[in-house]
Amino acid sequence: MRNPPPQAVRLSEYRPTDFLIDTVDLDICLHRTQTRVVARLALRRNPKGRADVPLTLDGDGLVLRGLKLNGRAMDAGDYDATPDRLALHKAPDAPFTLEIETEIDPSANTQLTGLYRSGSAYCTQCEAEGFRRITYFLDRPDVLGVYTTRIEADKSEAPVLLSNGNPAQSGDLADGRHFAVWRDPFPKPSYLFALVGGDLGCIRRTFTTRSGRDVALAIYVEHGKEDRAHYAMDALARAMRWDEDTFGREYDLDVFNIVAVSDFNMGAMENKGLNIFNDKYVLASPQTATDSDYAGIEAVIAHEYFHNWTGNRITCRDWFQLCLKEGLTVFRDQEFSSDQRSRAVERIGDVRGLRLAQFPEDSGPLAHPVRPEVYNEINNFYTATVYEKGAELIRMLKTLIGDADFRRGMDLYFERFDGTAATVEDFLSCFADVSARDLTHFTLWYAQAGTPIVTAKSAYDENAKSFALTLSQHTPPTPGQSDKRPLLIPISLALFGENGERLDLASPDASASECARGLVELATASRTITFAGVASRPVASLLRGFSAPVRLEPAPLSDDLERLLAFDDDPFNRWQAAQSLALRSIFARVDSLRGSGAAPDDRAFFDALRRLVETGDDDPAFAAQTLALPSETDLAREVGQNVDPDILFCARNSLRRALGGALGDRLEAAHARLGDARPYSPDAASAGRRALRNASLDLVAAGDPAKGEALAKRQFDDATNMTDKLAALAVLALLGGDAREAAFTRFYEQFAGDALVIDKWFALQSTIPEEATTARVHRLMRRDDFSLLNPNRVRSVVGAFASANPTRFHALDGSGYTLLENIVLELDPKNPQLAARLLTALRSWRTLEARRRDLAEAALRRVLAAPNLSRDVNDIATRALA
Ligand SMILES: [Zn+2]
């Protein structure tokens, strides 16, 4: 059977619904295999919709058990019900009530959307289109209703019953059953509905809002894991206070509940008053979570909380506007983390992430605008482009109009659109109004896909004492968009004199404000700015703080890298200079490995890094970021075409060995010096010291494997926290041999049964860059503790292998691609969302050298030819091959 071409949904075809649903009363009787759902919907015709049309509700896999119109059972001839839709041939003109009874089987729900079971608990995931798997509904974000939810369950199976809003009533029933009623006074779309039932442990705290209201906070986890939820609770309280202080946003319900579950497709979900989390983003203890796990928990807890205003109180009119809530909320959580930690280090981390995930997406067949204009399967658009590039657009907006107008624009947005389903245009109109600036040109960032390339050329005129900087932009074509227009690009810049002194900017080609702010706007294909009064050839620092999501070429200007690394006062560009120097060295090593160039002279680069290791204790997290070489994925992206992962791996390793050898004694000293006898604390300063210490250990081992192994073994044995233990294990994993296998065995024995830690054990093995790993991954997948039904476990093995082990995934015999292909096809009937996500690992196949390109294409074609593909996988395979 051939797979049908996916059905496209288009932004241009948006129209309001013909009916509105003002209230939703749900009565849900939980049962493992036969959950009964009675939905009483108060419907009326939408004055903005069409008159005289029948009513059609969305469904997905539903069984209809009863249907009443205004309290009377409907005749079978008056409606059609299939698993996917419920259509009334005639709907009343006056407001009416529809009572729909459906039956669902949560135990059989392996897709993890709608109502399903995770462990022994019932939980839901409704974004984007999961509510239609619970009852028939107008399942789209512009239908806002007030929900009342009554849940009934066996009291011993599910003593905890939660839904959105505030608790209204609860009590015991006959036969050991009980019920709870929840009322959510805030109108919301169906994707924000949530329900949890189960036997769960809990920690509680009260938060007093700035207007003096007490909010009862609770985090529900598996019994016995309560101790691991305290950091998440602390992060939640900090996020609530931060949103009051920074955006003037206060929480609005009497309770805020978070539930951690182990089976979850995404990171977490912002359901009104009842956030449901992948437990990876809730549970942490020093012995089981790394510093980056703690940072991830802080960021995701804050992100979901911030959605209460950006997403829930103001939601999206349609799914094309997804960035309206996601880009904005990612921006808000990035700002929160920057205020809680080191702003420079956070910025470097965010840009690394953007370049690793979004840049390849934006330059391949899956490229799409931040606000897409068409989709086949909305689940495939929860992408780095919508989230991370979407956040960059907010950041640019703030940069362009300034902090004060940005805050005033946000205030106006909350005031003007509270309680509505809004669009990107609605959002931008607020900033245009407060800043009196025409933002029409800026809007193009939302519509045009692809990463712009900004080219910088400079010329110094000794006689005129002037420095001319020419900035040009060009965006390569992307699917469906062959001709690109110039964007409005804010470029932050500074000029430095010979001794590192910052020069005042003066130019007849730039406005006084541009010169004063050090921020020029590139709005045309090319712009030349000649700076006057420049006594000697300056060093230019461009795109400071990564002021726009573009590729800067050359990055940065020619021979200034060592000097920028030494004295740029923008930490991001100091880090960027080190990255660029590393890239230059690695690519010289590639040429040398191919016999076409001499080994690079890295002395000045290594000297700069040596100083950093010696003096890096003031900001060790920054020093650690700067010591970290570009990853293999970074290298492949920079090469762009005919990528040979093996030679990139060898060249990168050759630089690691050289760097480790050259700095060995200083690195060893740093490793010893930064050891900490105090009890573990996840704060940013302590985490920074551990980061530099472990980066040092990694490079010591690269330069001197025997010494590295001895140090890593000792650290592995002595470590009292997961950060140091896992870092040591990672070093041993790269070194190989008996020490490695012994360490893996001990690690497993120590943490057996602790799923989140064992995920790390799986992931680390899947990313060992050596030939035997593919067979190892097959062995891992045959283990009893591997399951295709748990997304975290699948990601820790298959996801890690495909995204973080380039030499093995792209093995020349095609074995890596076959492994992925088989898993995607086996997983697809069970969990299509996860299967489609895994398949995106092949999105950059066209950038590979010819042999691998052919093998990857063949694997994609075999996937596409398989029978009965889900819409999710069909869409990714089709677009990847287009
Ligand atoms: Zn979000």
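Modeller: Rings of Phe, Tyr and Trp (its six-membered ring) form an aromatic pair if their centres lie within 6.5 Å; planes under 30 degrees apart count as stacked, over 60 as edge-to-face and the rest as tilted. This is a predicted model, where local features need pLDDT of at least 70, side-chain atom pairs count only at pLDDT 80 or more, and totals for chains, interfaces and linings use all residues. Residues are numbered from 1 along each chain as its sequence is written, and side-chain values use heavy atoms, with hydrogens and water left out.

Colleague: By this rule, how many aromatic pairs are there?

Modeller: The rule takes ring centres within 6.5 Å. Applied here, the count of aromatic pairs comes to 38.

Colleague: Is the pair of Tyr-382 and Tyr-387 stacked, tilted or edge-to-face?

Modeller: The two ring centres are 6.4 Å apart. Their planes stand at 55°. That makes the pair of Tyr-382 and Tyr-387 tilted.

Colleague: What is the angle between the planes of Trp-761 and Phe-762?

Modeller: Both residues are buried, Trp-761 at 6% and Phe-762 at 0%. Their rings lie 5.1 Å centre to centre. The pair is edge-to-face, with the planes at 85°.

Colleague: Which residues do ring pairs link into a cluster with Trp-309?

Modeller: Ring pairs join Trp-309 to a set of Phe and Tyr residues.

Colleague: How many disulfides does the structure hold?

Modeller: A disulfide is a pair of cysteine sulfur atoms within 2.5 Å. For Cys-29, the nearest cysteine sulfur is that of Cys-123, 18 Å away. For Cys-316, it is that of Cys-323, 7.8 Å away. The number of disulfides in the structure is zero.

Colleague: Is Cys-316 buried or exposed?

Modeller: Cys-29 is partly exposed, with a relative accessible area of 26%. Cys-316 has 0% relative accessibility, so it counts as buried.

Colleague: At roughly what angle do the axes of H16 and H17 cross?

Modeller: Helices (H or I, at least four residues) and strands (E, at least two) are DSSP runs, numbered from the N terminus. Axes are lines fitted to C-alpha atoms, for helices over the stretch in contact, and angles run from 0 to 180 degrees between N-to-C directions. H16 covers residues 684-703 and H17 residues 705-718. Their axes come within 6 Å and cross at roughly 145°.

Colleague: How many nonpolar residues are in the contact of H16 with H17?

Modeller: Ala, Val, Leu, Ile, Met, Phe, Trp, Tyr, Cys and Pro count as nonpolar, Asp, Glu, Lys and Arg as charged, and the others, Gly among them, as polar. Residues making the contact include Leu-697 and Val-700 of H16 and Leu-711 of H17. Four are polar and two charged. The nonpolar ones number seven.

Colleague: How far apart are the axes of H17 and H18?

Modeller: H18 covers residues 722-735. The two helices pack at an angle of about 145°. Their axes are 8 Å apart.

Colleague: Which residues does Asp-154 contact, leaving aside neighbours within four places in sequence?

Modeller: Asp-154 is in strand E12, residues 145-154. Asp-175, 21 residues away in sequence, is 8.2 Å away in space, C-alpha to C-alpha. Contact means heavy atoms within 4.5 Å. Asp-154 contacts Gly-176, Arg-177 and His-178.

Methods
Buried < 20%, exposed > 50% of the residue type's maximum accessible area, 1.4 Å probe, protein only.
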